[in-house]
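Please read the points alongside the coordinates.

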Amino acid sequence: MGLLWRNAMPFLANYASGIPEELITFAAAMVPILELRGAIPIGVASGLPLGEAASIAVAGNLVPVPLVMLLARRIANWLRGTRFFGPKIAWLERRAHLKGRLVRKYRLLGLVILVGIPLPGTGAWTGALVASVLDIRMRHALPAILLGLILAAAITSLLTMGIFGIL
């Protein structure tokens with residue numbers, strides 16, 4: 001994996017040349033798997049100051065949240081009727097309900113914690129899906145998700161500075 005990553009870096013650097021670091025960081029934060037956990041280190045590695053990279057990552061990660069909350073239920077209902085996607089939608093909803101235990105118990109504080117802990121399977125996309133499945137209104141979910149993103153950005157920033165400080 002290390003060799004693959006080392007070989008990919010010059011390709012990515014060449015491909016991204018000419019694209020502003022802010023745009024790369026913002027776009028990386030919108031990607032479901034990367035989110036701000038990946039965008040902050042990418043921003044810092046590309047030369048952005050830590051605070052700027054974190055702010056841009058929070059903004060980028062927040063962009064898809066309303067769309068996910070508005071469209072997730074409709075798309076899931078539409079796909080549930082198909083043979084191929086029906087079982088996958090049921091699996092995703094079971095998984096969202098499992099992730100939502102914390103949210104059901106502590107409601108909005110649980111949503112903040114779910115989004116704020118920068119681990120795989122958590123983040124704004126997961127928080128938005130859980131809020132959608134649990135029918136949490138957007139006006140309540142968005143501030144909780146934003147607080148969770150700020151918490152995740154603080155934790156990720158500390159980890160990023162520790163890693164870059166060692167290097």
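**Salt bridge and cavity**

1. In this predicted model, the structure holds 1 salt bridge. The partners are Arg73 and Asp135, whose side chains meet with a nitrogen-to-oxygen distance of 3.6 Å.

2. The pair links distant parts of the chain, since Arg73 lies in helix α5 (residues 64-80) whereas Asp135 sits in the loop between α8 (124-133) and α9 (138-166), 62 residues apart.

3. How exposed are Arg73 and Asp135? Arg73 counts as partly exposed because its relative accessibility is 28%, a value that falls between the 20% and 50% cut-offs. Asp135, at 56% relative accessibility, counts as exposed, because the cut-off for that class is over 50%.

4. Which residues line the largest cavity? The lining is made up of Glu35, Leu36, Arg37, Asn61, Val115, Pro118, Gly123, Ala124, Leu149 and Ala152. Helices α3 (35-45) and α9 each supply at least two residues of this lining, and α3 gives the most, with 3 residues.

5. By residue class, the lining of the largest cavity divides into 6 nonpolar, 2 polar and 2 charged residues. Glu35 and Arg37, both in the lining, belong to the charged class, while Asn61 and Gly123, also in the lining, count as polar.

Terms used. Residues are numbered from 1 along each chain as its sequence is written. This is a predicted model: local features need pLDDT of at least 70, side-chain atom pairs count only at pLDDT 80 or more; totals for chains, interfaces and linings use all residues. Side-chain values use heavy atoms; hydrogens and water are left out. A salt bridge is a side-chain nitrogen of Lys or Arg within 4 Å of a carboxyl oxygen of Asp or Glu. Helices (H or I, at least four residues) and strands (E, at least two) are DSSP runs, numbered from the N terminus. Buried means under 20% relative accessible area, exposed over 50%, partly exposed in between (1.4 Å probe, protein chains only). On a 1 Å grid over the protein atoms alone, a cavity is a set of points where a 1.4 Å probe fits but cannot get out, and a pocket is an open set with protein on both sides within 12 Å along at least five of seven lines; lining residues have an atom within 4 Å of a point.
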